[in-house]
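I opened this notebook to keep a record of what I looked up in a two-chain model, entry by entry. The structure comes first, and my notes follow.

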Amino acid sequence: MTEALQRFGYAGVGAILFGVLFWGALLIVAPMLLMVDLAFRPYLPNPKDVGGPLDVYTIQNFAKVFLDPLNVWVFWKTIYASILVTVVSLLIGYPLSYILVRAGRSAWIGILMIGLLIPFWVNEILRTFAWQLLLARYGFINTVLMGLGLIDDPIQFTNTDFGVQVGLVYAYILFMIFPLYSTMESLDPNQVDAARDLGAPFWRIHWDIVVPHSKPGIASGCIVTFMLSAGSYVVPELLGGTRSIWFTKLIYLQFDAINWNLGSAYGFTLVSLCLVFILLVMAMFRVSLKDIAR
Amino acid sequence: MTSTVLVSADAASRPWLTSDQVMRISVGVYLTAFFLYMFLPLVYMMLVTFNDSRIPTLTPWKGFTLRWFQEMWADERMWNSVIKSFIIGFWVIVLSVPLGLAGALFMTRMRVLGQSFVYAVLVSPVLMPGIIIGLSTLVFWDTQFRIGGRWELSVLGQTSFIAAYCMLIFMARLTRFDRTLEEAALDLGATPFQAFRTIMVPYMRPAILSASVLAFLQSFENFNTTLFTIGNDITLTMFIAGKIRAGTTPALNALAFVMVAFTIAAGIVYEILRRREAARTEARARAARQAELAAEAGAG
């Protein structure tokens, strides 16, 4: 600390500490604690009751979340679909990242990377809008399928869970690919070549060398993809419509109805879900938070 | 892997393919399929703009038009939302860059008890669903300070996680910082503020620039956090979402066309700059090698 005082002076150290305190306490911790606090208090429509004898800690909001079968169904569906999206993204993203890393020295790599970055930079809403146009009742995909004579009537893609899942994979797959790519890039290619020269089949090369090496990338890709899917609002809103409700929509509906306490309980549930998922993935891949947040 | 695979279609002229060729072809097919998957939706969305139809679709084709660009251009609500997004983005830069720098200096230049806990707190918003950040920001400022949903609140909500990205950028740059420069300045009688301004700030300038660009882009495209905090104000993403929900004309595709075109242009500029930088590094390395050889020759 004396060292820092010498470098920055009292004013400098004061400014740094003030910044960290303002950011950490006022923008992160306090709002989060207040959300948890609200989640465990009853909704009191009359503002005069807030802080009064009726304002006690209770789990009635969580009871409301989990006793409503529709809510429970939406909750499980969100988990199931987010895991599905994560797995599909991994299955598509893993070979792609590996190909890109192996092509690392070719002249193509710059163009391929730009080809990944451009869709990544395009706004999430616009990317989802593009899929809405493709999947629409008389959109591109149905028109092509009908033109080829494969189907007689248009298939209903939008307003279904399937449509939402397709949109989620498209929206978030690049969040899987970039961490995968960056861990695979640090793998010494000689290891792979040596294994191949010694006669290892390609699945052994991956299972014994590439996968263990890219574990942190797989773990952080899975975590980010899952969290973005489970926490997505835009994709289910635009592709699921009123027929395929997502857990985030339930949160928003409570806030629209000004029941912030119940809304906070929903929010807290989502945060807990994500936390459980992170811990599970970290245990599964035996990686620490430090490996992931690099 | 010396096995070979029979290709039935072309059996007479070229009956055998080596496994290497099979690998190469399947890699090509895979890459082509993936990039078609990435770009086809965007290209389709852009082409729809030119169809003279009130519904955003390419089929049936009703003739070429540019009127959707005109309609988009004349939309006053869109322009207002763009302005609001720019204002929010500006303030997010103003807050996130100093906060991120403070966090990075705190992490790299101080020794305090509980430092790693503070780090975990500061990066936690990156691993938090955006709508949770939005709703916790809203309930906190509304119940404690009676500041309800409005664009200023979106600035605070977005800053809470964008500052973390800035901090990570600054920390990466600070690990290579040469502290003796600062020590020299202080020994020669500079005040801490002068040393900071004349040594730290110039050194951090590239990182400050990229953190600002990243902060602005993150803010500009943010939806989830903004949704809860924005109140009755409208940003560009809110405007687009509202349009889509209400069932839009291809005027929205015109907007999408412009935005994707900007992104592609930015991508090309980025690649050109990257190549120029790579070429410069290469040239410098070559010059250094030659100098080394010349020196060796001279010594020998």
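**Entry 1: terms and conventions.** Helices (H or I, at least four residues) and strands (E, at least two) are DSSP runs, numbered from the N terminus. I kept in mind that this is a predicted model, in which local features need pLDDT of at least 70 and side-chain atom pairs count only at pLDDT 80 or more, while totals for chains, interfaces and linings use all residues. Residues are numbered from 1 along each chain as its sequence is written, and chains are lettered from A and ligands numbered from 1 in the order in which they are written.

**Entry 2: helix α5 of chain A.** I asked how many residues of α5(A) are buried. The count is 12 of 12, so α5(A) is largely enclosed by the rest of the structure. The buried set includes A:Glu124 and A:Arg127, as well as A:Phe129, A:Trp131 and A:Leu135.

**Entry 3: helix α10 of chain A.** I repeated both checks on α10(A), where 15 of the 16 residues are buried, so that the helix is mostly covered.

**Entry 4: the contact between the chains.** Taking two residues as in contact if their C-beta atoms, placed from the backbone, lie within 7 Å, I found that 66 residues of chain A are in contact with 70 residues of chain B. Helix α1 of chain A (residues 2-39) supplies the largest share of chain A's side, 20 residues. By class, that side has 48 nonpolar, 15 polar and 3 charged residues, where Ala, Val, Leu, Ile, Met, Phe, Trp, Tyr, Cys and Pro count as nonpolar, Asp, Glu, Lys and Arg as charged, and the others, Gly among them, as polar.

**Entry 5: the largest nonpolar core.** A nonpolar core is a set of buried Ala, Val, Leu, Ile, Met, Phe, Trp, Tyr and Cys residues joined through C-beta atoms within 7 Å. Which of the 145 residues in the largest core touch the most other members? They are A:Phe129, A:Ile251, B:Leu135, B:Cys166 and B:Phe170. Helix α7 of chain A (residues 161-185) gives the most to this core, with 14 residues. Domain 1 and domain 2 of chain B both give residues to the core, so it lies between them. Returning to A:Phe129, and leaving out residues up to four places away in sequence, I noted that A:Phe129 touches A:Leu238, B:Met45, B:Ile244 and B:Ala256.

Entry 6: Chain B has 11 helices and 2 strands, and read along the sequence the pattern is β-β-α-α-α-α-α-α-α-α-α-α-α. The radius of gyration, taken over C-alpha atoms, is compared with a globule rule of 2.2 Å times the number of residues to the power 0.38. For chain B the value is 27 Å, well over the 19 Å that the rule gives for 300 residues, so chain B is more spread out than a compact globule. Its C-alpha trace spans about 80 × 75 × 35 Å along the principal axes, and buried residues make up 35% of the 300 residues.

Chain B is divided into domain 1 (4-8 + 16-68) and domain 2 (76-265), with bounds that come from an automatic or database domain assignment. The centres of these two domains, taken over C-alpha atoms, are 36 Å apart, and 9 residues of domain 1 are in contact with 10 residues of domain 2. Helix α1 of chain B (residues 19-48) gives the most to domain 1's side of this contact, with 4 residues.

Entry 7: A:Asn159 has a positive phi of about 60° although it is not a glycine. A:Asn159 is in the loop between α6 (140-147) and α7 of chain A, and with 15 C-beta neighbours inside 10 Å it counts as partly exposed. A:Arg286, also not a glycine, has a positive phi near 50°; A:Arg286 is exposed, with 9 other C-beta atoms within 10 Å.

Definitions and conventions
Buried ≥ 20, exposed ≤ 12 C-beta atoms within 10 Å, placed from the backbone.
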